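This briefing covers how the parts of the structure below are arranged and where they touch. The points are grouped by topic.

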Number of protein chains: 4
Amino acid sequence: MDDVVIRTLEKVELHDPILVEGLPGVGNVGKLAADYLRDQLPTRPLAVIYSKFFPPQVYVGEDGVIRLVSNDLSYWKAPAGGKHDLLVLGGDYQGISPEGQYEITERVLDYCQKLGVREVFTLAGFAQGRVVETPRVLGAATNAPRVEMLTKAGVVFSRNDPGGGLIGASGLFLGLGRLFGMEGACLMGETSGYFVDPRSAEAVLKVLQRVLEIKVDLAALEAKAKEIDRIAQKIHEAEQRTSEPSPTPGSAPREDLGYIG
Amino acid sequence: MDDVVIRTLEKVELHDPILVEGLPGVGNVGKLAADYLRDQLPTRPLAVIYSKFFPPQVYVGEDGVIRLVSNDLSYWKAPAGGKHDLLVLGGDYQGISPEGQYEITERVLDYCQKLGVREVFTLAGFAQGRVVETPRVLGAATNAPRVEMLTKAGVVFSRNDPGGGLIGASGLFLGLGRLFGMEGACLMGETSGYFVDPRSAEAVLKVLQRVLEIKVDLAALEAKAKEIDRIAQKIHEAEQRTSEPSPTPGSAPREDLGYIG
Amino acid sequence: MDDVVIRTLEKVELHDPILVEGLPGVGNVGKLAADYLRDQLPTRPLAVIYSKFFPPQVYVGEDGVIRLVSNDLSYWKAPAGGKHDLLVLGGDYQGISPEGQYEITERVLDYCQKLGVREVFTLAGFAQGRVVETPRVLGAATNAPRVEMLTKAGVVFSRNDPGGGLIGASGLFLGLGRLFGMEGACLMGETSGYFVDPRSAEAVLKVLQRVLEIKVDLAALEAKAKEIDRIAQKIHEAEQRTSEPSPTPGSAPREDLGYIG
Amino acid sequence: MDDVVIRTLEKVELHDPILVEGLPGVGNVGKLAADYLRDQLPTRPLAVIYSKFFPPQVYVGEDGVIRLVSNDLSYWKAPAGGKHDLLVLGGDYQGISPEGQYEITERVLDYCQKLGVREVFTLAGFAQGRVVETPRVLGAATNAPRVEMLTKAGVVFSRNDPGGGLIGASGLFLGLGRLFGMEGACLMGETSGYFVDPRSAEAVLKVLQRVLEIKVDLAALEAKAKEIDRIAQKIHEAEQRTSEPSPTPGSAPREDLGYIG
């Protein structure tokens, strides 16, 4: 079989489209953001991407119906007068081998180039290894003007982060994208790396809104973030209790337990 | 060499054939069921499948004659008036890399499509991690009508199982099969995951008989299942004894040992 | 580059040639036997085989000159009236991945078929996991007549060994060889599996001489075998001493140490 | 995508060019030497090499701009009357799989052959597993005359080192180079294997200068070497102190700590 199979579901003409990529990764930030964007805009499905570089796996829905693992391209047509239509790339997996990552990225970029894409934004998480109360959005871009533009939009360009560079789809879509004549940037939401992190995805989408001049209702994502905050807080409290000396019987801890339960 | 080599042993015309797949996996349930079906129907060999994605290995028979590891397609012609001929796929291994799984499955599906296959049943085990007295048959299908049809045939569609989806040939033959315009379902016999499980294979074949409207004599499989039951029971008893306090000399345990020995 | 590159060093016409394969493996028995055969017959180099499925490595000779790792085909022209010329395949490595094993074997078989090869003998070691004083030669063949013929030549066909079949080049040259219309057999010298074992290689070559009706002077191999016997004996004695209670001062062990030193 | 993509940045005619390779490896000696040579000569960029056999990674510069990992060819035109122009190959990674190493090396050699390269020098480190005060340069070459020539230039050809041969690009560029009709040698600077080792790179470049009859100012490399020496010395002293008995309060160690801090 072809290494990568792209099935087009609908034939469309797009107006100077921008590709937004968000696949599973650190804190699932990129995937959360891209999926949310796809659902809220709302977009329509454009193409399904299968590959032998994904795991040999099908998912089973709650209705008992199976679905082969894939990546998926959706499109959004900007309202009249909008500068750019959008393509959103999401999916179940990144390629599971280095070669697979290159092959899939190259094929998707080739496909997107034919649709007129000249600009790419990749969304990702940046693991800080500690709880991040108010996640900043770190950036990396394909050229200096974009660094400047994103800095104005609130993105942080750090001299040291990410020190080892970007590994995986978020980096490769930019790095290989340049061989297709595309420019772009990666937006990395800070995250602990321990949780799925909708708060970080929200921070990324806030920047993306500003940069793409689109409007996305973030209420549902904020709700999800609060739910995760609540769970994290409970775990944190439980951990603190277990590392504290045993409380005197009858004192405060009983109340705490009630709060947690 | 070609990644996958399919050697046709006999040229046949088949009447609306259905593919039944059963390769090694959890509890060897799928392979046990497919091999038993192939031997009991009885079928005739149709094609041998070699691949560089199998291990570089030959088996040596008791007569000292070698055989390269392979998968194998057999066919069964339904008696006059039957709705469907059958193709049974069995073999020594699934592909040993993810890419190999995709390549082999795709090539076999392509071959089967040319033989007229439009429906696929994949047979597998579902590991419960505990002893299963009376294995249920769980299901997953390519569309809602098949879920309904199989539910009537006694298959259980669980909202939560299998949670991670199906990994390997049993999922891939359905997932990739859809790209070939085929529909179908996976029948998963519950099993502990610790034993080769003919009891679970039997449960799967009972459902398959109903669905395919064929008749298979299950006596030999039932005998094999009882043999395994007996071995499992002995092991279970032996384990219980070792975790019990040492018995008083001369009491019941001596008898037990006699029974086990 | 081509997955496998075969460089022909000399153009030859061979008379009904038989391929003898011996590559590194258990106890290095196959390689020892094939290298010895190549040197003693004597043969002439015919072709060098390079592959990206070998390690990315060069060897450096004592003269400081490098050599890329390879497999090598040598040929031997039988004296007038001889039934078969011979091809001997040896080398530094087997393919280091399963796919690599298939690719290299298939390409070498294809090359050998064009030279007229219809029969293959593969040489290997069979690990017994214990010291083997007088190694037997176990066999596996592509058909029953060869099993019979080899049994008469002293080869042992065991109902149980090798239980898991043959893994690697020795099996694959036979298994894939059949797809090229070749017949043949594997000769496995028993060996402990702990040492490089010229004694086992000698046993294999004694059988091969009989079967191929050739004469090879085994004196140098026997000398090497005795040298290894001597080393193994010393190690054995040293091990026994360390597991014995400390000897009385002034008694025999002092003498032993002198012997070993 | 192509397994290896070579982007030519400038079209040049070179005069009997020699290829000098230095990629990351033991002590990073080869890369340090090649990078230094490239910067000091000075050279101009000729081609960038991308490959799916490199990690799927981009680096982010201090300015926030990304760069896909690559290897890079630079060229140097000898002054009038010079015998050879030079090509210098450096980069971020060697291929990350054995097959990748072969593929990349073969493609770069093919590219260099078209530029007229007939001679290759590969630069590497040779790990001694102990501190090396004055690193020697060990050698391996494609033929005896080169061994002789290099011996006169101060290169050490040891009967035993490197015992296992050369693994990776430094060996492969010579081994595969011969299939392209190229001759050459590997220059291996002795190094501990524990540090990045500019001292060893300096030793390698001193030999290379002599052999290529070029002049490179080694002052900056020597400065770097002294800096590493200083760090290594401090670590060494710190280690010695921790393994010494605790000093009497008020004695010399207080001074030592001051020196180290």
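Chain A falls into domain 1, spanning 4–217, and domain 2, spanning 219–261. The model is predicted.

**Domains of chain A**

- The C-alpha centres of domain 1 and domain 2 of chain A are 34 Å apart.
- Where the two domains meet, domain 1 of chain A contributes 8 residues and domain 2 of chain A contributes 7 residues.
- On the side of domain 1 of chain A that touches domain 2 of chain A, helix H5 (residues 198–212) of chain A gives the most, with 4 residues.
- That side of domain 1 of chain A consists of 5 nonpolar and 3 charged residues, with no polar ones.

- An open sheet of 3 strands has the order E10(A)-E4(D)-E5(D), with antiparallel pairing.
- Its edge strands are E10 (166–167) of chain A and E5 (66–68) of chain D, each of which pairs on one side only.
- Within chain D, 3 bridges connect strand E4 (residues 57–60) to E5(D), and the two run antiparallel.
- In this pairing, Val60(D) is opposite Ile66(D) of E5(D).
- Helix H4 (residues 169–179) of chain A packs on the sheet and touches E10 of chain A as well as E4 and E5 of chain D.
- The direction of H4 of chain A makes about 80 degrees with that of E5(D).

**Contact between chains B and C**

- Chain B supplies 16 residues to this contact, and chain C supplies 25 residues.
- On the side of chain B that touches chain C, the elements giving two or more residues are strand E4 (57–60) and strand E5 (66–68) of chain B.
- E4(B) gives the most to that side, with 4 residues.
- By residue class, the side of chain B that touches chain C has 11 nonpolar, 2 polar and 3 charged residues.
- Strand pairing also crosses between these chains: 2 bridges link E4(B) to strand E10 (residues 166–167) of chain C, and the strands run antiparallel.
- Gln57(B) is placed opposite Ile167(C), a residue in E10(C).

Definitions and conventions
Residues numbered from 1 in each chain as written. Chains lettered and ligands numbered in written order. Predicted model: local features only at pLDDT ≥ 70, side-chain atom pairs only at ≥ 80, totals over all residues. Nonpolar A, V, L, I, M, F, W, Y, C, P; charged D, E, K, R; others polar. Pairing = 2+ DSSP bridges. Axes fitted to C-alpha atoms, helices over the stretch in contact; angles between N-to-C directions. Domains from an automatic or database assignment.
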